[in-house]
Each structure stands twice: as C-alpha cells, then as structure tokens.
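Good morning, and thank you for coming. Please look at the sequence and the model that I am about to show.

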Amino acid sequence: MRHERQVELLKRLQGFDRRQPGPVAPASMRNPAAAYTDPARYERERERLFRRRPVLVCLSGDLAAPGDYVTAEPGGVPIVVLRARDGALRGFVNACRHRAAPLLAGRGAGMQTIQCGYHAWTYDQDGALIARPGTGTAFDDVPMRDCSLHRVAVAEAYGMVFARLVGEDAIDVDDALQGAQTELSDYGLGGYSHFETRSHVWNCNWKLILDTFTEAYHIPWLHKDTIAPDFVFRHMINDRFGLNPRTIGLRKTVYAEFDKPAEADWTLLPHATIQYFILPNALLVHQLDHVQMWRVEPLSVDRTRVHTSLYAPTPPETEKARNRWSRSLDILLNVTGTEDFPTMERIHANLASGLVPEVVYGAMETGLIDLHQCIDRLLAED
C-alpha cells in the first residue's frame, strides 16, 4: 500500500474518539434469519453469485510455471485452472468426458497431460482428448474431437486468477474488483509464493464465515485468552470498492505512530490486518509480512468448505523459513478454528431453530453492514 494512502488512513483513525466505538454507520441493520437459513435463497446465491459471477481461485504464484494447476469447487462445480506451455491459463470443468470422474485433485506442478484415473482417458493442456486406451473400435461412433473437456472462462490480472463457471464472455477483472485494484496492485501479489493451503468444512452458512472478519467488537470476549491483548476492538477502518468491502483491523501499537514528529514517518502496515472482500467467495488479507487468502465454497445452506492459503513474499527455501510460515498458519487457524468458526456453527444452529427471527448489526459494526448490503445488492443485480 502506497505511503500516502497509509497516512490518509491513519489520519482517519486519529480523528476517532478512542473512548467510543467508531466509525459508526448512519443506522443499524436488521437481517432476517432467512438470509442465512433459507434454502431457496441459498440456491439463488449459488447460481447467481458463485456460478454467473467471477470468483477468485488463487494467486498467480500458485500457477508460476507451465504445468502448474489448482483445483477448486465454487458453486458446486469442480474446476481446474492450469498454466499451459504458452504461459496462458486454461480453465476446465474437472470431470472426464467419459464417465464424469474427477481428473485432478488439490494442486500440482509439471503436468504435461491430464489423465483420468478411472479409465485413463487422456487430454492435452488445451483439454483436447488425445487417447482412450483399451477401447478398440468401441467408441468409433463418438469422435474424439467431440470429447474435449468443458471449458470455463478464466482471467489473470494484478497477480490474481479468476474463473467464471457460466457464460463464454471474457472476464473483466477490473469490473470484478470495482476499484479495489487501486490498492491491491500496490502489494505486488504476483510475486508472492504459495506456502500451504489447509481446508475444513464447517456446519454453517457461507456468509457467517465472512462475517467473522468484519468487526472487532467481539475480540475482548471471544478472543480474551488469545489475541485480545494485542488488538483494538473499538475501531476498524472500513471502505467499499464498489460492492467489495475492505476492513482494516488494528493492533494497539498503531497509536504510537501519532507520537512521531512527522507524518512522513507514519506507517500503517506493521499494525494492520488489511482485509479485502472479493465477493462472492474470497477474502484477501495482507498481514505484517505475508498474504492470506480465505476462499469459501458453499456445499449447502448450512455447510461450507473453507480453504485458507498462506503466501510468503519469497519462496521458503530453508527449514527455518518453512517452520516460520507453518507456525503462522497454525496460530491463525487455531484462533479461527477453536473460537470464531465454532461460534458461527452455534449461531447457525440457533438461527435454523426457527425461534430467532433476525440478527441485528449495530451501527458500530460498519463492516458487517457493508458486507451484507453488498451481497444483497449483488444478488438483486444478477
């Protein structure tokens, strides 16, 4: 993030009353329980948001070399994105044209051809079928040229890789980011190296996972034995880029910046967790010296797979570096996995009981209000 932008954000923080929560929205927001629990709404979200809109799949560093690939399952559709020999990206439905068996899993490198593990049908990097061994003349009435993998649209910009499941039009990344690229481009995301991705399924609606990152109000109580001593809970800095919110959580050390004699010496990044919501499916986080990506894959109205990826500024080539990043991921997932997300599961169960008609987002929970207003707008527009 450019220094002048850091100073601008710090000046906003300086204007907050440290004894009062802030900033505050014009009004609180009431959201019906059905926003999280209604199966019909969930189906609309899956179709309109996760299938018709671009979704963030990974960073360019995940696909650094030809033959690198990443799989994902946004909107219930298995896909694979790979870097071809010509350096361009290809995106396919991750299903063999024979019997729809999955072709690839997780991520990998050095892939020359794609071979199905069920019957060894084999495809080239463009998705064309090049072999179906052991078949003799049994498929002569099914031309190989008609059995290429089904394509999905993919695009790459600002160090990010997007896919869209429905529609053949090219993806406009600038339109998807809606202005967030003005800050995201400063981080040089394309230069970050993927370290590790860990995945877990939680029994709650996908929006509850994202809710976790929108407000700091819960920190003194939910995180009293972990991160509470280090983080500010009354203040967050919130903005919207079109319909993509951005929230900034703050360490208590941030106030020491205002003791420096010159604004030219102020810096935000060492004190901030900067969280960009790339709706509908992803949260991109810059924290201290690394980048995190959280991707949600809704499985049903009450089940969500969450992928957490950590990206290092340089490839961790020593055991010491690998241990460092592994510990960072351990700490991160210990807090969210034992405190935040189990709470979201219990919240979903309460909302699904039918006896809790709504939730209330207070005017101090600006990021939470922003998130749901943006999701509602996206759902209405599509």
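Predicted model: local features only at pLDDT ≥ 70, side-chain atom pairs only at ≥ 80, totals over all residues.

Residues are numbered from 1 along each chain as its sequence is written, and side-chain values use heavy atoms, with hydrogens and water left out.

Some terms come first. Helices (H or I, at least four residues) and strands (E, at least two) are DSSP runs, numbered from the N terminus. Two strands pair if DSSP finds at least two bridges between them. In general, strands of a sheet pair through backbone hydrogen bonds, either parallel or antiparallel.

Let us begin with the sheet of seven strands. In what order do the strands of this open sheet run? The order is β12-β18-β17-β16-β15-β14-β13, and the pairing is antiparallel. At the edges stand β12 (193-202) and β13 (237-241), each of which pairs on one side only. On average, neighbouring strands of this sheet are turned by 15 degrees against each other, direction ignored; axes are lines fitted to C-alpha atoms, for helices over the stretch in contact, and angles run from 0 to 180 degrees between N-to-C directions.

Helix α9 (residues 366-381) packs on this sheet and touches β13, β14 (244-250) and β15 (272-278), where contact means heavy atoms within 4.5 Å. The direction of α9 makes about 15 degrees with that of β13. On the β12 side, β12 and β18 (residues 303-312) form an antiparallel pair over nine bridges. Within β18, R305 is the bridge partner of V201.

Next comes helix α1 (residues 3-14). The expected span of a helix is 1.5 Å times one less than its number of residues. For the 12 residues of α1 this gives 16 Å, and the end C-alpha atoms are 16 Å apart, which agrees. Which residues of α1 are buried? They are R5, Q6, V7, L9, L10 and L13; buried means under 20% relative accessible area, exposed over 50%, and partly exposed in between, with a 1.4 Å probe and protein chains only. These buried residues pack against α5 (181-184), β13 and β14.

I turn now to strand β11 (residues 160-164). Five of its five residues are buried, so β11 is largely enclosed by the rest of the structure. M160, F162 and R164 lie on one side, V161 and A163 on the other, and both faces are covered. Strand β2 (residues 55-59) pairs with β11 in the antiparallel sense over four bridges, and L56 stands opposite F162. Strand β10 (residues 153-157) also pairs with β11 in the antiparallel sense, over five bridges. The hairpin of β10 and β11 has two residues between the strands, and Y158 there takes a positive phi near 55 degrees.

Finally, the cysteines. How many disulfides does a search of the whole structure find? The search finds zero, a disulfide being a pair of cysteine sulfur atoms within 2.5 Å. The sulfur of C147 is 8.7 Å from the closest cysteine sulfur, in C96, and this is too far for a bond. C147 is buried, with a relative accessible area of 5%, and C204 also counts as buried, at 0% relative accessibility.

Thank you for your attention.
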